[in-house]
Amino acid sequence: MGDIHHPGTVPLRARASFIALDRGTLHASGFSLEWVRESGTVVIPCGAAVVLLLEPGVSVTHAAVKLCADQGTLLVWVGEAGVRVYSSGHPGGAAGERILLQARRALLPRSRIAVARRFYQRMLGADPPPSSSIEVLRGFEGSRVKVWYRDIAAEKAVPWESRERAPVRLRDALGFASSTLYGIAEAVILAAGFSPAIGFIHGGDPRSLVFDLADTVKFKTVIPLAFDVFLSDTHDVRSSVRRACRDLFRESRLIEVLMDNLLYAMDVSA
């Protein structure tokens, strides 16, 4: 399957998954970015990563934003330790033809169900129960999510009632791991020419399709990873999750998996 990318930029699949930055200023210098901190300056090739996660204390120049847009690098503004995603920039490259196709399929009940079911097939590894209702499918998903959390917690020997009642360090690990996955999923969606806002399972959020896509791999990747980080003896959950996600995304070729899942669900070729 061929890469979908901007002419003259580094192909999406040839990049690192993400780079997280905090407390510094991001400048543009030629075709590279300069990350300036009190400790010094680091040169970052703009096409080196799919996503730049910008944590608190980050300033970005207009020229840096433009360069990232030109090179198809997504900027995502996240909270401390990445436990919340506040906003994201558009890397450019959304194709009008595919967005129109996406909108048509989302508006027609039969085609929306068909796309939703294909997302669920990739999430479950099997066909979901027969249904012509998104609400019924969502209810089934909600039940499966509770089972997955419970099973993963049991496998890791972590007492579990619900995510809301989990220890703070575990909630932080789950939140940051999820936010990195959402950033990668959004970048894949935009690179493929679709809109993150038009979802098929989720709705009413600017990143509805992001959640649809991320859920196809979430409980196979970042959720077990977050439990592992929680169980480690690390005192820096943020950095540990970041490094673990970086390695996991590279080893599992997650960008390719997400692209394949997206194109399969939308029933289009690369």
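Does Arg-23 count as buried, partly exposed or exposed, and at what relative accessibility? In this predicted model, Arg-23 has a relative accessibility of 44% and therefore counts as partly exposed, since that class lies between the limits of 20% and 50%.

## Positive phi values

Arg-23 is not a glycine, yet its phi is positive, at about 55°. The residue sits in the loop that runs between strand 1 (16–21) and strand 2 (24–29).

Arg-253 is another residue other than glycine with a positive phi, here near 50°. Its place is the loop between helix 8 (237–251) and helix 9 (254–266). With 52% relative accessibility, Arg-253 counts as exposed, because the limit for that class is over 50%.

## Packing of helix 4 and helix 7

Two packed helices are described by the angle between their axes and by the distance between those axes. For helix 4 (residues 134–155) and helix 7 (residues 222–231), the angle is about 35° and the axes are 10 Å apart. The crossing of helix 4 and helix 7 is right-handed.

On the side of helix 4, the contact is made by Tyr-149, Ile-152 and Ala-153; on the side of helix 7, by Ile-223, Pro-224 and Phe-227. Sorted by class, this contact of helix 4 with helix 7 holds 6 nonpolar residues, with no polar and no charged ones.

## Aromatic pairs

The count of aromatic pairs in the model comes to 5. One of the aromatic pairs is formed by Tyr-182 and Phe-211, with an edge-to-face arrangement. A pair of aromatic rings is described by the distance of the centres and the angle of the planes. For Tyr-182 and Phe-211 these values are 5.1 Å centre to centre and 70° between the planes.

Tyr-182 belongs to helix 5 (residues 168–191) and Phe-211 to helix 6 (residues 208–214), so this pair ties together parts that are 29 residues apart in sequence. Both Tyr-182 and Phe-211 are buried.

## Ring cluster and a charge over a ring

Ring pairs also link a cluster made up of Trp-148, Tyr-149, Trp-160, Phe-219 and Phe-227. Tyr-149 and Phe-227 of this cluster are also among the residues through which helix 4 and helix 7 meet.

A further feature involves a charged side chain and a ring: Arg-122 lies over the face of Tyr-264. The distance of Arg-122 from the ring centre of Tyr-264 is 4.1 Å.

How values were computed. Residues are numbered from 1 along each chain as its sequence is written. This is a predicted model: local features need pLDDT of at least 70, side-chain atom pairs count only at pLDDT 80 or more; totals for chains, interfaces and linings use all residues. Side-chain values use heavy atoms; hydrogens and water are left out. Axes are lines fitted to C-alpha atoms, for helices over the stretch in contact, and angles run from 0 to 180 degrees between N-to-C directions. Helices (H or I, at least four residues) and strands (E, at least two) are DSSP runs, numbered from the N terminus. A crossing is left-handed if the near helix is turned anticlockwise from the far one by less than a right angle, and right-handed if clockwise. Contact means heavy atoms within 4.5 Å. Ala, Val, Leu, Ile, Met, Phe, Trp, Tyr, Cys and Pro count as nonpolar, Asp, Glu, Lys and Arg as charged, and the others, Gly among them, as polar. Rings of Phe, Tyr and Trp (its six-membered ring) pair if their centres lie within 6.5 Å; planes under 30 degrees apart count as stacked, over 60 as edge-to-face and the rest as tilted. Buried means under 20% relative accessible area, exposed over 50%, partly exposed in between (1.4 Å probe, protein chains only). A charge sits over a ring if NZ of Lys or CZ of Arg is within 6 Å of the ring centre and within 35 degrees of the ring normal.
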